[in-house]
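This report walks through one protein model, from its helices to its cores and charged pairs. Please keep the sequence and the 3D view at hand.

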Amino acid sequence: MKRNEKAGSQAFEGLFRQTALLIGLKLRNCLGINEVIHGKDGRKSIRLTGMLLVYMLLAGLMIFYLAAAAVLLCMIGAGESVPAFAALISGAVIFIFSFLKAAPILFDAADLERLSPLPLSPVSVIISRFFILYAEELLFSAAIVLPATLVYLMLERPGIGSLFMTLLALPFQPLLPLTTAAALGTIILAAGAGMKHRGVVRMILTTGFSLLVVAGSFAFSFGIREPDVGDLGGLLESAVAAGIRFYPPAGLYAAGVADQRISDLLLFAGLSAGMFAVFTAAAGPRFREISGMLGQHGAGKRFRMGTQRLQPVWKAEYFRELRRYFASHIYVSNTLVIYLLIPAAAAALAVMGNARIAAAMQLSEDEAGRLLRTGIPFLMSLLAAMGNTAPISLSMEGKQLWLLQSLPIRPQSVFLGKILVNLTMGVPSVLLSALMVTLGGWADGIWTAAFPAASLWLLSALGVWINLKLPSFDWESETAAVKQSISLLVSMLAGSIAILPAAGAAFFMEYVLPQTVWMETAELVVKVVILLLTISCGTLLYRSCCRVSWKMLG
């Protein structure tokens, strides 16, 4: 008996050491910190600093809006909804951010090949990978829950026990949404395993699920009780109540924090930890089998030489980039979903109709139509900035960049091909959205489609320019290149800022200046100038990219 206990203790100790070692290695490689510490390239230190500053800016904005929402709930007498509100937002953010990246990180086949010769337990590998994901999402959860809780404590004064309950439950907040996202992501990856066109299958499933979530969010918004509330605070309170019905663990957490029910809090913690334990126990022993299965390629047809065609370099690069784009389901899922969301949102607005939208916005039908007519082109452009494929297109070359550098190809042909891929995805989305807007009765002539289309050119060129300034070629998985790309974050911020002056000018002319016959002519001239400036700025950025030498990269 003692010998068995000793063997079990040694096995557990060995598992713990292996897990701690893998976690330490992953943390040192996170965001390139290990290279910054031991490397001699000062550009990587600047890149890491810039990435941290962008993350801090985004975190600051998120904390500000969450705190403002918590203050609003407390001001309308619904302060008891703040803990549930924080739990709902935390769960939604963690699920959305983890859905596309959790499974590829947990079951990375390339990393499996590197670790296979080592005497490591599969359970320690999957726990270490899950811990890295967990630590990242725990930071998200803390940045969401703690500011809202502090507002709740200061304005509602529920007692120090609520703070203790919040801190006690905080480590369990990410477990349930993260485990659910990892399980769903693994199922989607397994659906296309072994198939010849597995990328297409995974892309269809991922995109379909994402659109299903979007449709569910619309249905959720329509299903909120008391839709005719008179203020934003009441609507927010009603949304929180509906969210608890959809995600009951948030209600358990809220009861544990607000009412200080230790039984509800223990049930919340047990449910979260139990789901994680079940997933780990099921996937851990089968880690190598699952990773190998997900990395399987289907057998292709025997290659036969066909007729060779001579094409311009830019056209060949465009088709090469298009094939590269659709070969990565994580790349497609993070960009194409946004371009599908734009016409889907426009269609949803058209189905709702102007009367219902006006009632929800507490405006007259004329004012609501005027607001939509003015703002929709800029809203389409802002969404296009989020789905831009260009900011990571150069980084996706990875360690194969040397192939482009060794070929007698000018950079401008490569960059044009990458820009055309984004235009290929974006232009049909804009045109279809403009058609939906026209059916809804909010079209402002050709301007509704012209400005978003011109913005696509500017955003594409801006994305390539930023990716040249902030490239990342040393990634080990496509998930890291897409999900942890500083160039993508900077491009989203810069693209949104670039659109704001045009939006400000349009709203100023619509709502501040008097609406006369001469004003209509002046408005037309200003819009033409905005279009020309947008196209010109995109062209200047593209020409700036073309002056880059291949030797400067890598």
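The expected span of a helix is 1.5 Å times one less than its number of residues. Helices are DSSP runs of H or I with at least four residues, strands are runs of E with at least two, and both are numbered from the N terminus. This is a predicted model, in which local features need pLDDT of at least 70 and side-chain atom pairs count only at pLDDT 80 or more, while totals for chains, interfaces and linings use all residues. Residues are numbered from 1 along each chain as its sequence is written, and side-chain values use heavy atoms, with hydrogens and water left out.

**Helix 22**

Helix 22 covers residues 486-511. Its 26 residues should span 38 Å at 1.5 Å a residue, and the end C-alpha atoms lie 37 Å apart, which agrees. The helix has a kink of about 30 degrees at Leu 500, shortly before the proline Pro 501. The bend at a residue is the angle between axes fitted to the seven residues ending there and the seven starting there.

Buried means under 20% relative accessible area, exposed means over 50%, and partly exposed lies in between (1.4 Å probe, protein chains only). The buried residues of helix 22 include Ile 486, Gly 495, Ile 499, Ala 502, Ala 503, Ala 506 and Glu 510. An α-helix has 3.6 residues a turn, so residues three or four places apart point the same way.

**The whole chain**

The protein chain has 23 helices and zero strands. Of its 554 residues, 45% count as buried. The chain exposes about 28100 Å², and carbon and sulfur atoms supply 69% of that area. Accessible areas come from the Shrake-Rupley method with a 1.4 Å probe; for residues, only the protein chains shown count as cover.

Contact means heavy atoms within 4.5 Å. Among contacts in the chain with a separation of 6 or more, 82% join residues 24 or more positions apart.

**Two nonpolar cores**

A nonpolar core is a set of buried Ala, Val, Leu, Ile, Met, Phe, Trp, Tyr and Cys residues joined through side-chain atoms within 4.5 Å. The largest one holds 54 residues. Tyr 325, Phe 415, Ile 419, Val 464, Leu 468 and Tyr 542 touch the most other members. Among the elements that give two or more residues to this core are helix 16 (329-360), helix 19 (411-440), helix 20 (447-469) and helix 23 (517-546). A second, separate core has 31 residues, including Cys 74, Val 93, Ala 148 and Val 151.

Ile 419 is in contact with Trp 457, Ser 460, Ala 461, Val 464 and Tyr 542, leaving aside neighbours within four places in sequence. Thr 335 lies in helix 16. Its relative accessibility is 2%, so Thr 335 counts as buried. Not counting residues up to four places away in sequence, Thr 335 touches Tyr 325, Gly 387, Asn 388 and Thr 389.

**Salt bridges**

A salt bridge is a side-chain nitrogen of Lys or Arg within 4 Å of a carboxyl oxygen of Asp or Glu. The count by this rule comes to ten.

| Asp 264 | Arg 261 | 3.4 Å |

Take the pair of Glu 321 and Lys 418. Glu 321 lies in helix 15 and Lys 418 in helix 19, so the pair ties together parts that are 97 residues apart in sequence. Glu 321 counts as buried at 2% relative accessibility, and Lys 418 counts as buried at 1%. Both belong to a network of salt bridges that also links Glu 317, Arg 320 and Glu 397.

Arg 373 is partly exposed, at 28% relative accessible area, whereas Glu 510 is buried at 10%.

Asp 264 sits in helix 13 (residues 262-283). Beyond four places in sequence, Asp 264 is in contact with Leu 252, Ala 255 and Gly 256.
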